[in-house]
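Dear colleague,

I am passing on a structure for you to look at, and my notes on it follow below.

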Amino acid sequence: MLRRAFLSLIGVLLLGAAARAEIYIYHANDTGGIIPWSCENEAIAQQVAAAYCARWDKYHRITSVHRQYGDFIAFNCLWSPHVAPYSLPAVRTRSTCYEGPRPSFYK
């Protein structure tokens, strides 16, 4: 009985270790896509978009970032990084999650 409980506990722990948080691309095809916004997703959005566009030997360009939950980070996949640099301007993304100073009433 004790051995069965111990083995089931190990099984549950192994299943929990296999579950990991990964960024996912919500909708995408060979021309671009969108990533759900969160501070953590924005910090790695450049790498995720680059890896996704590399499937079609294309370059990525982040075109919009709406910094609130429920909105998205949009990106395009382009044949050349020099295509339409002014009509599709690149948007800078944050590289870290920073929480500003807390108001005094939270202390």
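Which residue in the turn of the hairpin formed by S3 and S4 has a positive phi? It is Gly-70, with a phi of about 100°, and the hairpin has six residues between its two strands.

Please keep in mind that this is a predicted model, in which local features need pLDDT of at least 70 and side-chain atom pairs count only at pLDDT 80 or more, while totals for chains, interfaces and linings use all residues. Residues are numbered from 1 along each chain as its sequence is written, and side-chain values use heavy atoms, with hydrogens and water left out.

The protein chain has three helices and four strands, where helices (H or I, at least four residues) and strands (E, at least two) are DSSP runs numbered from the N terminus; along the sequence they follow the pattern α-β-β-α-α-β-β.

Strand S4 (residues 72–78) has six of its seven residues buried, buried being under 20% relative accessible area with a 1.4 Å probe, protein chains only. For the protein chain, of 107 residues, the buried share is 23%.

S4 pairs with strand S2 (residues 32–36) in the antiparallel sense over five bridges, pairing being defined as at least two bridges found by DSSP between two strands. Strand S3 (residues 59–65) also runs antiparallel to S4, joined to it by six bridges.

Finally, among contacts (heavy atoms within 4.5 Å) between residues at least 6 apart in sequence, 54% join residues at least 24 apart.

Best regards

Key. Buried < 20%, exposed > 50% of the residue type's maximum accessible area, 1.4 Å probe, protein only.
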